[in-house]
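Here are some friendly notes to read alongside the structure. Please keep the view open as you go through them.

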Amino acid sequence: MPRPWARIEEIGSLVLFIREGEGWPYYARPRPGSPTPSAAEITEVRARQRDLGLPETFEWVHETSPDLLAVARSAGLDVLLAPLLVLDPAALVPDLPLRDATLRYLDPAGPTFAADLHASRTVSRLGFAAPAYQAPLEMAEKALFIQGAGPTERDAAEPLDAEAVRQARELFASGAFLTAVAESPAEGIVATATSQRDGDVAEVVGVATLPSARRRGYASQLTATLSGRLVADDVDLVFLSAGDDDVARLYTRVGFRRVGTACIAEPAAALL
(Lines give C-alpha, C1' and ligand atoms only; values in the text may rest on other atoms or scores of the structure.)
Protein backbone atom coordinates (compact mmCIF):
# COMPACT_ATOMS: atom_id res chain seq x y z
CA MET A 1 0.00 0.00 0.00
CA PRO A 2 2.78 2.60 0.60
CA ARG A 3 4.22 2.45 -2.93
CA PRO A 4 2.01 5.11 -4.57
CA TRP A 5 2.98 7.69 -1.93
CA ALA A 6 6.59 6.82 -1.14
CA ARG A 7 10.01 6.25 -2.64
CA ILE A 8 11.91 3.14 -1.68
CA GLU A 9 15.42 2.20 -0.64
CA GLU A 10 16.46 -1.45 -0.64
CA ILE A 11 18.87 -2.42 2.12
CA GLY A 12 19.78 -6.10 1.93
CA SER A 13 16.56 -8.09 2.17
CA LEU A 14 14.57 -5.12 3.47
CA VAL A 15 12.65 -2.37 1.67
CA LEU A 16 12.38 1.02 3.36
CA PHE A 17 9.43 3.19 2.33
CA ILE A 18 10.10 6.93 2.59
CA ARG A 19 6.98 9.06 2.54
CA GLU A 20 6.78 11.76 -0.11
CA GLY A 21 4.63 14.64 1.02
CA GLU A 22 2.64 14.95 4.24
CA GLY A 23 1.07 12.09 6.11
CA TRP A 24 1.85 9.19 8.39
CA PRO A 25 5.47 8.00 8.00
CA TYR A 26 5.99 4.52 6.63
CA TYR A 27 8.04 1.52 7.71
CA ALA A 28 10.49 -1.04 6.38
CA ARG A 29 9.43 -4.55 5.39
CA PRO A 30 11.02 -7.70 3.93
CA ARG A 31 11.52 -7.78 0.17
CA PRO A 32 9.31 -10.52 -1.33
CA GLY A 33 11.30 -13.52 -2.50
CA SER A 34 14.43 -12.56 -0.55
CA PRO A 35 16.03 -14.49 2.31
CA THR A 36 14.96 -13.67 5.85
CA PRO A 37 16.57 -10.33 6.81
CA SER A 38 19.43 -10.58 9.28
CA ALA A 39 19.81 -8.72 12.56
CA ALA A 40 22.64 -6.74 10.92
CA GLU A 41 20.32 -5.63 8.11
CA ILE A 42 17.69 -4.54 10.63
CA THR A 43 20.34 -2.52 12.47
CA GLU A 44 21.44 -0.91 9.19
CA VAL A 45 17.87 0.06 8.31
CA ARG A 46 17.32 1.52 11.78
CA ALA A 47 20.40 3.70 11.34
CA ARG A 48 19.08 4.91 7.99
CA GLN A 49 15.67 5.66 9.51
CA ARG A 50 17.34 7.74 12.23
CA ASP A 51 19.33 9.64 9.58
CA LEU A 52 16.09 10.46 7.77
CA GLY A 53 14.25 11.41 10.96
CA LEU A 54 11.83 8.49 10.53
CA PRO A 55 10.44 6.19 13.22
CA GLU A 56 12.34 2.91 13.47
CA THR A 57 9.41 0.71 12.52
CA PHE A 58 9.10 -2.56 10.60
CA GLU A 59 6.02 -4.42 9.39
CA TRP A 60 5.47 -7.83 7.81
CA VAL A 61 3.01 -10.71 7.61
CA HIS A 62 4.13 -13.52 9.89
CA GLU A 63 2.86 -16.28 7.62
CA THR A 64 4.99 -15.08 4.71
CA SER A 65 8.16 -14.44 6.79
CA PRO A 66 7.87 -16.76 9.79
CA ASP A 67 11.56 -16.67 10.73
CA LEU A 68 11.72 -12.89 10.96
CA LEU A 69 9.96 -12.70 14.34
CA ALA A 70 12.88 -14.26 16.23
CA VAL A 71 15.43 -12.23 14.26
CA ALA A 72 13.62 -8.96 14.96
CA ARG A 73 13.47 -9.68 18.68
CA SER A 74 17.17 -10.57 18.72
CA ALA A 75 17.87 -7.21 17.05
CA GLY A 76 16.25 -5.32 19.95
CA LEU A 77 12.76 -4.84 18.59
CA ASP A 78 9.47 -5.39 20.38
CA VAL A 79 6.89 -6.94 18.08
CA LEU A 80 3.14 -6.48 18.24
CA LEU A 81 1.32 -9.52 16.85
CA ALA A 82 -1.76 -7.92 15.29
CA PRO A 83 -4.62 -9.94 13.84
CA LEU A 84 -4.78 -9.45 10.06
CA LEU A 85 -8.32 -9.49 8.69
CA VAL A 86 -9.99 -9.30 5.28
CA LEU A 87 -13.57 -8.42 4.48
CA ASP A 88 -16.04 -11.11 3.49
CA PRO A 89 -18.50 -9.00 1.46
CA ALA A 90 -21.24 -11.60 1.91
CA ALA A 91 -20.99 -11.19 5.70
CA LEU A 92 -20.87 -7.38 5.75
CA VAL A 93 -23.49 -5.92 8.07
CA PRO A 94 -25.89 -3.29 6.65
CA ASP A 95 -25.64 0.40 7.39
CA LEU A 96 -27.26 1.14 10.73
CA PRO A 97 -28.04 4.46 12.43
CA LEU A 98 -25.38 5.76 14.78
CA ARG A 99 -26.26 6.53 18.38
CA ASP A 100 -26.52 10.31 18.90
CA ALA A 101 -24.48 11.00 15.75
CA THR A 102 -24.57 10.94 11.96
CA LEU A 103 -22.05 9.54 9.50
CA ARG A 104 -20.53 11.61 6.74
CA TYR A 105 -17.43 11.62 4.53
CA LEU A 106 -14.81 14.35 4.42
CA ASP A 107 -15.22 16.40 1.26
CA PRO A 108 -11.95 17.80 -0.11
CA ALA A 109 -13.93 20.41 -2.06
CA GLY A 110 -15.98 21.49 0.95
CA PRO A 111 -15.39 24.71 2.90
CA THR A 112 -14.93 22.83 6.19
CA PHE A 113 -12.36 20.31 4.90
CA ALA A 114 -9.40 21.78 6.82
CA ALA A 115 -11.31 21.84 10.12
CA ASP A 116 -12.77 18.37 9.51
CA LEU A 117 -9.35 16.93 8.66
CA HIS A 118 -7.85 18.45 11.80
CA ALA A 119 -10.64 17.07 14.00
CA SER A 120 -10.48 13.61 12.40
CA ARG A 121 -6.72 13.29 12.78
CA THR A 122 -6.81 14.56 16.34
CA VAL A 123 -9.52 12.06 17.26
CA SER A 124 -7.36 9.31 15.79
CA ARG A 125 -4.28 10.48 17.69
CA LEU A 126 -6.12 10.73 21.01
CA GLY A 127 -7.85 7.41 20.48
CA PHE A 128 -4.66 5.50 19.74
CA ALA A 129 -2.74 7.21 22.55
CA ALA A 130 -5.28 5.91 25.09
CA PRO A 131 -6.31 2.44 23.89
CA ALA A 132 -9.69 1.14 24.97
CA TYR A 133 -8.07 -2.07 26.17
CA GLN A 134 -6.04 -2.08 29.42
CA ALA A 135 -2.70 -0.37 28.88
CA PRO A 136 0.42 -2.14 30.19
CA LEU A 137 1.65 -0.84 33.53
CA GLU A 138 4.63 0.97 32.03
CA MET A 139 2.30 2.88 29.65
CA ALA A 140 -0.31 3.80 32.25
CA GLU A 141 1.24 7.10 33.30
CA LYS A 142 1.79 8.15 29.68
CA ALA A 143 -1.84 7.48 28.75
CA LEU A 144 -3.51 8.67 31.96
CA PHE A 145 -3.96 12.30 30.97
CA ILE A 146 -5.94 11.44 27.83
CA GLN A 147 -8.00 8.50 29.05
CA GLY A 148 -10.98 10.83 29.31
CA ALA A 149 -10.07 13.10 26.40
CA GLY A 150 -13.06 14.69 24.73
CA PRO A 151 -14.04 17.62 22.51
CA THR A 152 -12.05 20.12 24.60
CA GLU A 153 -8.80 18.21 24.11
CA ARG A 154 -9.58 17.61 20.44
CA ASP A 155 -10.23 21.28 19.74
CA ALA A 156 -7.12 22.39 21.66
CA ALA A 157 -4.77 20.53 19.30
CA GLU A 158 -2.49 22.63 17.12
CA PRO A 159 -4.08 23.28 13.70
CA LEU A 160 -2.67 21.71 10.55
CA ASP A 161 -0.50 23.98 8.44
CA ALA A 162 -1.69 25.10 5.01
CA GLU A 163 0.68 22.81 3.10
CA ALA A 164 -0.51 19.72 4.98
CA VAL A 165 -4.10 20.60 4.16
CA ARG A 166 -3.24 21.23 0.50
CA GLN A 167 -1.51 17.87 0.10
CA ALA A 168 -4.31 16.06 1.91
CA ARG A 169 -6.88 17.76 -0.31
CA GLU A 170 -5.06 16.42 -3.39
CA LEU A 171 -4.93 12.88 -2.00
CA PHE A 172 -8.61 12.87 -1.10
CA ALA A 173 -9.61 14.41 -4.42
CA SER A 174 -7.72 11.65 -6.27
CA GLY A 175 -9.92 9.00 -4.63
CA ALA A 176 -6.94 7.28 -3.04
CA PHE A 177 -8.04 8.30 0.46
CA LEU A 178 -11.51 8.31 1.97
CA THR A 179 -12.42 9.22 5.54
CA ALA A 180 -15.74 8.58 7.25
CA VAL A 181 -16.55 10.33 10.53
CA ALA A 182 -19.22 10.11 13.18
CA GLU A 183 -20.39 13.59 14.08
CA SER A 184 -22.49 14.48 17.11
CA PRO A 185 -24.57 17.68 17.12
CA ALA A 186 -23.33 18.45 20.61
CA GLU A 187 -19.75 17.13 20.44
CA GLY A 188 -18.65 17.45 16.82
CA ILE A 189 -16.50 14.74 15.21
CA VAL A 190 -16.09 11.92 17.72
CA ALA A 191 -14.97 8.94 15.63
CA THR A 192 -13.13 8.35 12.37
CA ALA A 193 -12.07 5.66 9.89
CA THR A 194 -9.97 6.04 6.74
CA SER A 195 -9.25 3.88 3.72
CA GLN A 196 -6.21 4.09 1.49
CA ARG A 197 -6.71 2.55 -1.92
CA ASP A 198 -4.47 1.33 -4.71
CA GLY A 199 -6.43 -0.04 -7.64
CA ASP A 200 -8.81 -2.77 -6.48
CA VAL A 201 -7.18 -3.16 -3.04
CA ALA A 202 -7.86 -0.96 -0.01
CA GLU A 203 -6.67 -0.93 3.58
CA VAL A 204 -8.81 0.47 6.39
CA VAL A 205 -6.65 2.44 8.82
CA GLY A 206 -6.92 4.98 11.62
CA VAL A 207 -10.17 3.64 13.07
CA ALA A 208 -10.55 5.46 16.38
CA THR A 209 -13.07 7.00 18.74
CA LEU A 210 -12.59 9.97 21.03
CA PRO A 211 -12.08 8.39 24.49
CA SER A 212 -15.05 10.27 25.95
CA ALA A 213 -17.37 8.87 23.23
CA ARG A 214 -16.53 5.18 23.42
CA ARG A 215 -18.96 2.27 23.80
CA ARG A 216 -21.50 3.72 21.36
CA GLY A 217 -20.62 1.43 18.43
CA TYR A 218 -19.10 4.17 16.30
CA ALA A 219 -15.86 2.45 15.28
CA SER A 220 -17.42 -0.81 14.09
CA GLN A 221 -20.21 0.89 12.15
CA LEU A 222 -17.86 3.39 10.51
CA THR A 223 -15.67 0.47 9.44
CA ALA A 224 -18.64 -1.44 8.04
CA THR A 225 -20.08 1.52 6.16
CA LEU A 226 -16.71 2.58 4.76
CA SER A 227 -16.01 -1.01 3.65
CA GLY A 228 -19.40 -1.23 1.98
CA ARG A 229 -18.70 1.91 0.01
CA LEU A 230 -15.35 0.50 -1.13
CA VAL A 231 -16.96 -2.74 -2.31
CA ALA A 232 -19.63 -0.77 -4.17
CA ASP A 233 -16.79 1.17 -5.82
CA ASP A 234 -15.25 -2.04 -7.24
CA VAL A 235 -12.64 -2.74 -4.56
CA ASP A 236 -12.04 -6.51 -4.51
CA LEU A 237 -9.95 -6.78 -1.35
CA VAL A 238 -10.50 -4.76 1.84
CA PHE A 239 -8.18 -5.54 4.73
CA LEU A 240 -7.10 -4.17 8.11
CA SER A 241 -4.94 -4.95 11.13
CA ALA A 242 -6.43 -5.01 14.62
CA GLY A 243 -4.58 -3.99 17.76
CA ASP A 244 -5.34 -7.25 19.57
CA ASP A 245 -7.78 -10.16 19.65
CA ASP A 246 -10.44 -8.15 21.49
CA VAL A 247 -10.41 -5.46 18.81
CA ALA A 248 -10.37 -8.12 16.10
CA ARG A 249 -13.60 -9.58 17.47
CA LEU A 250 -15.30 -6.22 16.92
CA TYR A 251 -14.37 -6.35 13.25
CA THR A 252 -15.46 -9.97 12.81
CA ARG A 253 -18.93 -8.92 13.95
CA VAL A 254 -19.28 -6.59 10.97
CA GLY A 255 -17.96 -8.93 8.27
CA PHE A 256 -14.18 -9.31 8.55
CA ARG A 257 -12.41 -12.66 8.84
CA ARG A 258 -8.93 -13.32 10.23
CA VAL A 259 -6.43 -14.60 7.66
CA GLY A 260 -3.09 -14.17 9.42
CA THR A 261 -0.94 -12.08 11.73
CA ALA A 262 0.59 -8.70 10.98
CA CYS A 263 3.85 -8.09 12.83
CA ILE A 264 4.53 -4.47 13.80
CA ALA A 265 7.96 -3.92 15.32
CA GLU A 266 9.78 -0.98 16.87
CA PRO A 267 12.60 -0.51 19.36
CA ALA A 268 11.69 -1.62 22.86
CA ALA A 269 12.51 1.79 24.30
CA ALA A 270 9.92 3.42 22.01
CA LEU A 271 7.16 1.48 23.72
CA LEU A 272 7.90 2.85 27.19
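This is a predicted model: local features need pLDDT of at least 70, side-chain atom pairs count only at pLDDT 80 or more; totals for chains, interfaces and linings use all residues.

1. Residues are numbered from 1 along each chain as its sequence is written, and side-chain values use heavy atoms, with hydrogens and water left out.

2. The count comes to 15 salt bridges (a side-chain nitrogen of Lys or Arg within 4 Å of a carboxyl oxygen of Asp or Glu). One of them joins E9 and R48, at 2.8 Å from N to O. E9 sits in strand β1 (residues 6-11) and R48 in helix α1 (residues 39-52), so this pair ties together parts 39 residues apart in sequence.

3. How is this pair covered? E9 counts as buried at 18% relative accessibility, while R48 is partly exposed at 26% (buried means under 20% relative accessible area, exposed over 50%, partly exposed in between, with a 1.4 Å probe and protein chains only).

4. Next, look at R46 and E56, whose side chains form a salt bridge of 2.6 Å, N to O. R46 belongs to helix α1 and E56 to the loop between α1 and β4 (58-61), so parts 10 residues apart in sequence are tied together. R46 is buried at 16% relative accessibility, and E56 is buried at 16%.

5. Finally, D234 lies in the loop between α7 (218-232) and β10 (237-241). D234 counts as exposed, at 57% relative accessibility.

Conventions:
Helices (H or I, at least four residues) and strands (E, at least two) are DSSP runs, numbered from the N terminus.
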